[in-house]
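Here are some exercises to work through with the model open beside you. Try each task before you read its solution.

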Amino acid sequence: MTLKLGVPSKGRLMEKTFDWFGARGVTLSRAGSDREYAGRVEGADGVELVLLSAGEIPRELAAGRIHLGVTGTDLVHEKLAQWDQQVEELAELGFGQADLIIAVPQCWVDVDTLDDLDAAAAAFRRKHGFRMRIATKYHRLVRDFFRDQGVADYQLVDSQGATEGTVKNETAEAIADITSTGETLRANHLKILDDGLILRSQATLFRARKAPMDDADRAAMAALAAKLGVD
Amino acid sequence: MSIVNDRAPYRAEAARLRAFFEAQGAVPVEPAILQPAEVMLDLYGEDIRARAYVTSDPLRGEQMLRPDFTVPVVQMHMAQGAEPARYTYAGEVFRRQEEDPSRPSEYSQVGYEVFDGSDPAAADAEVYALIESVVRPLGLKASTGDMGILAATVSGLDTTERRKRALLRHIWRPRRFRALIDKFSGKEPMAQTRRELLASADPFAGVKVDTGLRSRAEVAERLDALREEAAAAPLSREQVELIEAVLNVREKLPFALENLRDIAVDLPALLPAVDRVAARCAALEARGVDVANLDFEVAHGRAQMEYYDGFVFSFAVEGRPDLSPVAVGGRYDALTRVLGGGIEIPAVGGVIRPGLMLDLMEGRA
């Protein structure tokens with residue numbers, strides 16, 4: 001058997017991950033053409049590179065089909081129940097930083113905090129006859145956050161992309177989304193609530209707790225961890 | 001839950017309990033497993049999605065695997081004219097689990113529901129005593145409370161109607177309730193930026209573009225509410241202490257009653273709610289319940305039992321917080337009003353988990 005390392009299959013996240021491993025003496029690269037999702041590992045024995053969509057890496061880790069994986073903390077927390085019993089955080093990689101936040105229209109001058117949002121939601125429901133809509137793809141994280149904070153009279157509407165546009169299009173009144181610089185929010189006339197930070201996320205190397213390993217895999221894992229400085 | 005699972009003993013136990021309630025005069029009912037999701041979502045909001053399985057088809061839209069029987073039984077009863085009635089049912093309920101893998105996502109419930117406004121105290125005592133008689137062999141710990149006490153306390157406060165409304169809305173959410181008390185009493189002072197905004201001649205000066213469905217008029221309306229709030233006298237220390245005193249009542253029922261009567265000296269609006277507890281205490285005693293040793297706690301079930309708005313009770317295994325209660329129940333007058341479309345009827349009921357009961361009796365839990 002070999003140790004399987006899951007890495008995002010494209011874009012900046014893949015390149016930065018390759019750089020991070022490269023700086024520690026483990027060279028990752030794509031095999032063959034750019035379109036082929038197979039990879040090569042040099043500098044670490046018994047390790048196989050698996051290129052996957054970042055969104056699938058949490059599930060593959062939880063299922064034990066990969067032993068190690070690089071993905072955002074936001075995705076792990078959203079997709080895995082009791083995530084810390086399924087995966088272990090080995091290292092924060094220092095890129096892919098993004099905050100999951102609650103944002104509302106900038107013209108809501110009366111809303112700066114969750115307390116304001118909750119009060120506005122109550123009035124909104126009385127006036128419009130339905131609950132205030134919050135567009136997001138992070139349903140569990142947002143629901144848990146609002147339950148914990150005691151925010152009521154809202155509903156989540158699913159938005160898998162261009163979430164900032166939902167307010168202008170009047171398919172949602174507010175959003176819960178990932179932002180790194182806040183530029184897209186400002187361009188769409190949205191502002192972040194003062195206490196609306198749900199989660200700080202960044203690219204992180206995770207180890208699957210339940211992936212099956214033989215003695216050779218364990219040795220490969222120990223050698224790789226030592227080389228990466230995460231043991 | 002395992003794939004191969006001998007349910008026959010559980011079914012038999014559920015049938016036995018339902019037959020017992022039928023013998024007490026309850027009419028058996030069988031709500032469908034698939035229920036329209038809209039009613040539940042409207043009642044409980046987004047939280048219910050975390051606890052119930054929601055599915056859909058293109059014809060009927062979003063449907064939910066019934067997470068409990070009470071809501072469909074109330075709907076059925078209200079649709080049939082809301083005459084006094086007693087119902088019983090037995091069947092599976094379905095609960096999504098996101099945190100605790102040891103909690104079952106499918107289990108059976110047997111319930112007894114009383115729709116009868118002629119003597120609410122007697123109806124409370126009837127439901128409690130019947131369920132108590134069923135679980136008695138297990139030697140469980142009984143806990144009781146009354147959600148009406150906290151609601152009456154808030155309604156009786158010497159403060160603005162708006163504040164009372166906000167507190168009543170969050171009576172089920174201890175953390176937000178506490179934050180509101182801190183805000184209204186001045187413990188959590190208003191932010192400087194907020195003070196400036198409310199004093200500003202043009203609060204919308206910094207707004208570049210109006211976006212979204214919530215109009216400027218709605219924002220202005222809330223600014224008026226915020227100004228009214230800022231101008232109102234803070235909730236006094238005495239009032240905050242009254243709320244705390246009420247929330248701290250946790251005694252054997254007769255002492256709790258005495259305690260509440262003492263508090264009501266400073267808060268006369270509490271008296272009718274205290275009288276209801278006293279009437280229930282007498283009715284329980286008349287049914288042979290040992291009220292002198294019955295625990296009563298104002299905050300009992302506050303964060304969990306959301307549709308109950310009066311009497312609440314539960315029977316649980318002492319020292320086993322890992323197990324769900326074997327039986328819970330309570331009064332839900334407001335639910336009949338919400339689902340009644342203009343009519344309402346006082347209602348109280350309780351459910352038992354026959355599976356857990358059997359497991360405990362046979363030493364499996």
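Domain bounds here come from an automatic or database domain assignment. Keep in mind that this is a predicted model.

**Exercise 1. Into which domains is chain B divided, and how far apart do their C-alpha centres lie?**

Solution. Start with the bounds: domain 1 of chain B covers 8-153 + 242-361, and domain 2 covers 159-235. Next, take the C-alpha centres of domain 1 and domain 2 of chain B, which lie 35 Å apart. Now look at where the two meet: six residues of domain 1 of chain B are in contact with five residues of domain 2 of chain B. On the domain 1 side of that meeting, four residues are nonpolar and two are charged, with no polar ones.

**Exercise 2. Describe the overall build of chain B.**

Solution. First list the secondary structure: chain B has 15 helices and 12 strands. Then turn to the radius of gyration, which is 23 Å, close to the 21 Å that the globule rule gives for 365 residues, so chain B is as compact as a globular protein of that length. Along the principal axes, the C-alpha atoms of chain B fill a box of roughly 70 × 55 × 40 Å. Of the 365 residues in chain B, 38% are buried. Finally, consider contacts in chain B with a separation of 6 or more: 69% of them join residues 24 or more positions apart.

**Exercise 3. In what order do the nine strands of the open sheet in chain B lie?**

Solution. Trace the strands across the sheet: the order is β1-β5-β6-β12-β11-β10-β7-β9-β8 of chain B, with mixed pairing. At the edges are β1 (27-28) and β8 (250-252) of chain B, each of which pairs on one side only. Then zoom in on one pair: β11 (residues 327-331) and β12 (residues 347-352) of chain B run antiparallel and are joined by five bridges. Within this pair, G330(B) stands opposite G349(B) of β12(B).

**Exercise 4. Which residues have the most contacts inside the largest nonpolar core?**

Solution. The largest nonpolar core has 83 residues, and V246(B), L260(B), L270(B) and I352(B) have the most contacts inside it. Both domain 1 and domain 2 of chain B give residues to this core, so it lies between them. Take V246(B) as a worked case: leaving aside its neighbours within four places in sequence, V246(B) is in contact with I149(B), L150(B), T153(B), I263(B) and V298(B). Another core, of 37 residues, lies apart from the largest one and includes A119(A), A152(A), Y154(A) and I175(A).

**Exercise 5. Find the domains of chain A and say which helix gives the largest share of the domain 1 side that touches domain 2.**

Solution. Chain A is divided into domain 1 (3-96 + 202-228) and domain 2 (98-201). Their C-alpha centres lie 32 Å apart. Seven residues of domain 1 of chain A are in contact with eight residues of domain 2 of chain A. Helix α3 (residues 73-79) of chain A gives the largest share of the domain 1 side, four residues. By class, this side has five polar and two charged residues, and no nonpolar ones.

**Exercise 6. How many residues does each chain give to the contact between chain A and chain B?**

Solution. Chain A gives 32 residues and chain B gives 31 residues. On the chain A side, the elements that give two or more residues are α5 (114-128), α6 (139-149), β9 (154-158) and α7 (165-168) of chain A. The most come from α5(A), with eight residues. To finish, sort the chain A side by class: 14 nonpolar, five polar and 13 charged.

How values were computed: Residues are numbered from 1 along each chain as its sequence is written. Chains are lettered from A and ligands numbered from 1 in the order in which they are written. This is a predicted model: local features need pLDDT of at least 70, side-chain atom pairs count only at pLDDT 80 or more; totals for chains, interfaces and linings use all residues. Ala, Val, Leu, Ile, Met, Phe, Trp, Tyr, Cys and Pro count as nonpolar, Asp, Glu, Lys and Arg as charged, and the others, Gly among them, as polar. A nonpolar core is a set of buried Ala, Val, Leu, Ile, Met, Phe, Trp, Tyr and Cys residues joined through C-beta atoms within 7 Å. A residue is buried if 20 or more other C-beta atoms lie within 10 Å of its own, exposed if 12 or fewer, and partly exposed in between; C-beta atoms are placed from the backbone. The radius of gyration is taken over C-alpha atoms; the globule rule is 2.2 Å times the number of residues to the power 0.38. Two strands pair if DSSP finds at least two bridges between them.
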